[in-house]
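Okay everyone, thanks for coming. Have the sequence and the model open, and let's walk through a few spots together.

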Amino acid sequence: MISIAGVIGAGLFVGSANAIATAGPAVLLAYFFAGLLVILVMRMLGEMATANPDTGSFSTYATRALGHWAGFSVGWLYWWFWVLVIPVEATAAAAILTNWLGGAQWMWALIIVVALTATNLISVGNYGEFEFWFALVKVVAIVAFIGLGIAAILGWLPNSEVSGVDQLWASGGFMPLGFGAVIAAMLTTMFSFMGSEIVTIAAAESKDPAKGITRATNSVIWRISIFYFGSIFVIVALVPWNELDPATGSYQYVLSKMGIPHAETIMDIVILTAVASCLNSALYTASRMLYSLGDRGDAPRSVKKITANGVPWVAVIASMVLGFLAVVGNYILPEKLFTYLLATTGAVALFVYLAIASSQLVLRRQLDRDGERPAVLMWLYPWLTYLAIGFIGFVLVMMVVRPEQRSSILLSAVLAAVTVIGGIIVQRRNTRRDKVAARVSGDSA
């Protein structure tokens, strides 16, 4: 269930209106291209994860394939990304609860973060149990939305103000703002898929990692097709793309046009669930990546401390504390400064995908040389891997070219450069230490 709903995040419910406003109905192409990249990356990651399950996932594989510096860099970048997800999601959830119940937003943000930290601290089973129910709500909501959308398209909803699929071309055509707008929307949609890879981290703590990873990887195509492509199709088919207000949300607007009562409240509940799910996963993922970094000597040894239930409690608390400090920063720091802080994560997803693809190229050669055949194999190796790498490079170049994305890619590049330099320093230090140890051992012999 975690793998099924892993692609359904708050970005789908909240961010889709921005993407549609950017490209019009042609946003479907943006989701198609972004989804295709995620499918290829997940296939590559599935191959490596079934061959060698590890809670460090792609960070560990980058170390084996490209060198210690690569695993160090990718691990810390990924941890930083998920730590900064905490304030974003906690603030979004707090805004909904404040609107319902009143009270200060920071208080609700604190309650949410502490509650989900407690579930993560008790046991990994608790994380799985909470995520199962969060996932179930999201899946039911999306399936119901698509079902209602199909009924409205066919004219079966008695109180609906909308029907048919004319809006796909009625307001300026299918691609009213040109192909450049599709690329711009793709840069927005690309990051709403971040989180698909969590299942390879979580599966390493399950009873049968290979089976879980295989099922999740094989199902990623229909998950993206139904949940993203299906629901976005319903939106752009039923209502004019230029009527959508990003502040209101595309799903709420369409439901209200279908004549569904209490549409805003229904979507608030779904979005709150999606936000809680994302926050739950952020704490889990950040703590496991931090634990893995500590296990490899790239983070303080204290983060390796675990409870009797096998939970890395120091890593969980450290991630939570830094995440909540960012929540506080969201309220007390100047808005522009916090925006810059978030912008440092803008291209992290692409850097991680690039590391996964590059690692798979190297590790697949080793598997072939050793005659190993994991349960999941990358299609048309190595050509589709090269295609994915080329596409990632194209997207990074487009982020530099487009003014609205330039600050994000530049700040992300600065953060990546700092972590790479740190990784190179650590790698050289470890190499010198190993040489000294080998020389001492040889002298003793």
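So, where is the place of S160? S160 sits in the loop between α7 (124–153) and α8 (179–189); helices here are DSSP runs of H or I, at least four residues, numbered from the N terminus. Quick housekeeping: this is a predicted model, where local features need pLDDT of at least 70 and side-chain atom pairs count only at pLDDT 80 or more, while totals for chains, interfaces and linings use all residues. Residues are numbered from 1 along each chain as its sequence is written, and side-chain values use heavy atoms, with hydrogens and water left out.

Back to S160. A polar atom of its side chain lies 2.7 Å from the backbone oxygen of V162. Leaving out residues up to four places away in sequence, S160 touches A152, K257, M258 and G259, where contact means heavy atoms within 4.5 Å.

Now helix α5, residues 68–101. Its 34 residues should span 50 Å at 1.5 Å a residue, and the end C-alpha atoms are 49 Å apart, which agrees; the expected span is 1.5 Å times one less than the number of residues. Of those 34 residues, 24 are buried, meaning under 20% relative accessible area with a 1.4 Å probe, protein chains only. Just after α5, G102 takes a positive phi of about 80°.

Helix α4, residues 57–66, is mostly covered too, with seven of its 10 residues buried. Among them are F58 and Y61.

How values were computed. Helices (H or I, at least four residues) and strands (E, at least two) are DSSP runs, numbered from the N terminus. Buried means under 20% relative accessible area, exposed over 50%, partly exposed in between (1.4 Å probe, protein chains only). A polar contact is a pair of N or O atoms within 3.5 Å; within protein, one must be able to donate a hydrogen and the other to accept it, and residues adjacent in sequence count only if both atoms are side-chain atoms.
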